[in-house]
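Subject: A structure for you, with some notes

Hello,

Here is the structure I promised to pass on. Please open it alongside this message.

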Amino acid sequence: MPHLALVTLVVDDYDEAIRFYTDALGFRLVEDAPRPDGSRWVVVAPDGPGAGTGLLLARAKGDGQRARVGDQTGGRVGFFLHTDDFARDHARMLAAGVTFLEEPRHEPYGSVAVFQDLYGNRWDLLQPAG
């Protein structure tokens, strides 16, 4: 059955992005392989069973791509990180220096708070209701 395997996230630097996603968000490094053109194939994904879609961390090339780093969705929340324990992961991420843009909210659909990644892209940390 088809599934969404990867989403590209344009970054300034491979190593700083790997550190942020693995150390601050708790993702695992799936692959980091050099490519013939001098770039790298870098994939990170949430850790744990059934983690789902990974992120392909792609270093920006040229002014057009560099202008998109941190603003890939025009300031909207573009990424949704689900958790089974909001309080645990919110506290862990705060301790790791992640910037939350609001206090946690409890909505009919679940517990949620917007945070930004190291470049400013907006994410939801979300524990779905249920």
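Below are my notes on its salt bridges, aromatic pairs and nonpolar core.

First, some housekeeping. This is a predicted model, so to speak of local features a pLDDT of at least 70 is needed, side-chain atom pairs count only at pLDDT 80 or more, and totals for chains, interfaces and linings use all residues. Residues are numbered from 1 along each chain as its sequence is written, and side-chain values use heavy atoms, with hydrogens and water left out.

Salt bridges

The structure has 10 salt bridges, each defined as a side-chain nitrogen of Lys or Arg within 4 Å of a carboxyl oxygen of Asp or Glu. In one of them, Asp15 meets Arg40 at 2.9 Å, N to O. That pair ties together distant parts of the chain, since Asp15 sits in helix α1 (residues 14–24) and Arg40 in strand β3 (residues 40–46), 25 residues apart. Helices (H or I, at least four residues) and strands (E, at least two) are DSSP runs, numbered from the N terminus.

Arg40 also forms a salt bridge with Asp32, with the closest N and O atoms 2.7 Å apart.

Another salt bridge joins Glu107 and Arg105 at 2.9 Å, N to O. Glu107 is partly exposed at 29% relative accessibility, and Arg105 is partly exposed at 27%. Elsewhere, salt bridges with shared partners link Asp84, Arg88, Asp89 and Arg92 into one network.

Aromatic pairs

There are seven aromatic pairs. The rule is that rings of Phe, Tyr and Trp (its six-membered ring) pair if their centres lie within 6.5 Å; planes under 30 degrees apart count as stacked, over 60 as edge-to-face and the rest as tilted. Phe27 and Trp123 are edge-to-face, at 6.4 Å centre to centre with 70° between the planes. This pair also links distant parts of the chain: Phe27 is in strand β2 (residues 27–34) and Trp123 in strand β9 (residues 122–128), 96 residues apart. Phe27 is buried at 7% relative accessible area, and Trp123 is buried at 4%.

Trp123 has a stacked pairing with Phe115, at 5.7 Å centre to centre and 20° between the planes. Phe115 is buried, at 0% relative accessibility. Phe20, Tyr21, Phe27, Phe79, Phe100, Phe115 and Trp123 make up one aromatic cluster.

Nonpolar core

A nonpolar core is a set of buried Ala, Val, Leu, Ile, Met, Phe, Trp, Tyr and Cys residues joined through side-chain atoms within 4.5 Å. The largest one has 28 residues, and Tyr21, Leu57 and Phe115 have the most contacts inside it. Among the elements that give two or more residues to this core are β1 (6–11), β4 (54–59), α3 (86–95) and β8 (110–116). Helix α1 gives the most, with six residues.

What does Leu57 touch, leaving aside neighbours within four places in sequence? Leu57 is in contact with residues including Leu9, Val11, Tyr14, Ile18, Tyr21 and Val44, where contact means heavy atoms within 4.5 Å.

Best wishes

Notes. Buried means under 20% relative accessible area, exposed over 50%, partly exposed in between (1.4 Å probe, protein chains only).
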